[in-house]
Amino acid sequence: MTGEHSGREIDEGRLPEDVVALVDALGPGEDLVITRDGAPLARISPVTRNVLIGTVIAPPNASEAEPPPADRSVTVVVTAMELSDSVRNTLSDQLGPDYIVLDIHAAPRSADVLLIPPISPQLIGSLRSAFPDARVVVTEIEDPELGVDYQGPVRRLLDAGAEAYLPPATVPRLAEALTRTLARRHGPALESPASREIGPSQDP
């Protein structure tokens with residue numbers, strides 16, 4: 001360490017250890033003033049150094065830093081309805097680690113599934129253009145615990161007094177479904193989504 005006094009250089013070894021310690025402790029913009037009988041005698045300023053001040057962050061564990069396997073694919077589900085972050089997180093957790101649920105405003109065009117409430121065919125067509133590769137799934141959600149209530153025409157008809165809803169089918173399949181429905185007349189009007197998928201009927 002060197003300091004200047006009347007244009008001369010003083011080697012660090014010639015300075016008392018306590019003075020060297022005081023110089024080393026100087027912060028940016030600070031000087032060491034040497035006085036005699038209370039009057040300033042000399043001023044020592046440390047040589048300017050390029051110092052990077054920050055916090056050292058430990059590297060993540062190997063398990064955290066390891067990227068997911070390249071062959072692992074995640075199904076992106078887009079919700080075209082107003083859902084809170086907690087509701088979407090709950091749905092994502094229930095679907096499992098191979099799914100991620102995103103709001104429609106934050107979803108990529110390459111999304112895999114588009115979850116929508118009962119809406120007009122024109123709006124469905126518009127959404128299909130926005131997400132051309134997505135499978136469109138129409139659903140009604142009733143979850144009082146999470147504060148979600150998206151009822152469609154089917155639920156409104158059932159609430160109005162209808163006893164059952166039979167999805168589109170051929171006449172033979174309609175007869176089978178009607179027979180089963182009448183046989184359990186006092187049962188539930190609609191089967192739970194977990195036990196049955198309501199969709200277009202297909203002949204065997």
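Which residue in strand 7 does Val78 stand opposite?

A: Val78 stands opposite Leu114 in strand 7. Some ground rules come first. This is a predicted model, where local features need pLDDT of at least 70 and side-chain atom pairs count only at pLDDT 80 or more, while totals for chains, interfaces and linings use all residues. Residues are numbered from 1 along each chain as its sequence is written, and side-chain values use heavy atoms, with hydrogens and water left out.

Now the strands. Strands (E, at least two residues) and helices (H or I, at least four) are DSSP runs, numbered from the N terminus. Strand 5 covers residues 75-79 and strand 7 covers residues 113-116. They pair in the parallel sense, over three bridges. Two strands count as paired if DSSP finds at least two bridges between them.

Both belong to an open sheet of four strands, in the order 6-5-7-8, with parallel pairing. Strand 6 (99-103) and strand 8 (135-138) stand at the edges. Each has a single partner strand, so one side of each is left without a neighbour in the sheet. Neighbouring strands here are turned by 25° against each other on average, direction ignored. Helix 3 (residues 85-95) packs on this sheet and touches strand 5, strand 6 and strand 7. Touching is contact, meaning heavy atoms within 4.5 Å. The direction of helix 3 makes about 160° with that of strand 6. Axes are lines fitted to C-alpha atoms, for helices over the stretch in contact, and angles run from 0 to 180 degrees between N-to-C directions.

Back to Leu114. Leave aside its neighbours within four places in sequence, and Leu114 is in contact with Val78, Ala80, Leu127, Phe131, Ala134, Arg135, Val136 and Val137.

Val78 and Leu114 also belong to the largest nonpolar core, which has nine residues. A nonpolar core is a set of buried Ala, Val, Leu, Ile, Met, Phe, Trp, Tyr and Cys residues joined through side-chain atoms within 4.5 Å. Buried means under 20% relative accessible area, exposed over 50%, and partly exposed in between (1.4 Å probe, protein chains only). Strand 5 and strand 7 are the elements that give two or more residues to this core. Apart from it lies another core, of five residues, including Met81, Leu83, Val87 and Ile141. In soluble globular proteins, nonpolar side chains tend to be buried together.
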